[in-house]
Amino acid sequence: MKHFNFVKISGRWFIDVPYNGSVSDLEMVDGADTFLEAYSEGDSKVVHVMIMENEEDHNSGLYLYAIHGQTVKLKKKSQDWLGTTYEVNEGKYRGDVWLCPVFNLLMGESPDEMEIGIINTNMSW
């Protein structure tokens, strides 16, 4: 199970991870920003996302997110050296979400399908 915080700064969304490159590499764009905005409901500065990688993650994560948040499935639509596009067909956002190569670096891969739990919060984990 992997946990990530996304932070809204000056109206733009960024993943909050240690990174030695440019901060612009961490900005969420091309649907990822709109996805986060939909789940933040326009007022939160932090959205916590948990990526469930296996059945055990799903079972333990589902309880937490059933109480405090939501789960959403993303399905890979396309991938190239620039990043991966996922399709979302449920929840508060429906459309494409593009994730840059930094995501692959953090995940170690670009899975065909992901189930993620989302909590709109200003609390760090």
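1. Let's start with a word you'll need: two residues are in contact when they have heavy atoms within 4.5 Å of each other. Keep in mind, too, that this is a predicted model.

2. With that in hand, take a look at Arg12, which sits in strand E2 (residues 12-15). Leaving aside residues up to four places away in sequence, Arg12 touches Val7 and Glu27.

3. Now zoom out. The protein has 3 helices and 7 strands. Walk along from the N terminus and the elements come in the order β-β-α-β-α-β-β-β-α-β.

4. Next, find the hairpin of E5 and E6. Strand E5 covers residues 83-90 and strand E6 covers residues 93-99, and they pair in the antiparallel sense over 7 bridges. One of the details to check is Glu90, whose bridge partner in E6 is Tyr93. The hairpin has 2 residues between the strands, and Gly91 takes a positive phi near 80° there.

5. Finally, some totals for the protein. Of its 125 residues, 42% are buried. The protein exposes about 7,000 Å², with carbon and sulfur atoms supplying 50% of that area. As for contacts with a separation of 6 or more, 61% of them are between residues 24 or more positions apart.

Note on methods: Residues are numbered from 1 along each chain as its sequence is written. This is a predicted model: local features need pLDDT of at least 70, side-chain atom pairs count only at pLDDT 80 or more; totals for chains, interfaces and linings use all residues. Side-chain values use heavy atoms; hydrogens and water are left out. Two strands pair if DSSP finds at least two bridges between them. Helices (H or I, at least four residues) and strands (E, at least two) are DSSP runs, numbered from the N terminus. Buried means under 20% relative accessible area, exposed over 50%, partly exposed in between (1.4 Å probe, protein chains only). Accessible areas come from the Shrake-Rupley method with a 1.4 Å probe; for residues, only the protein chains shown count as cover.
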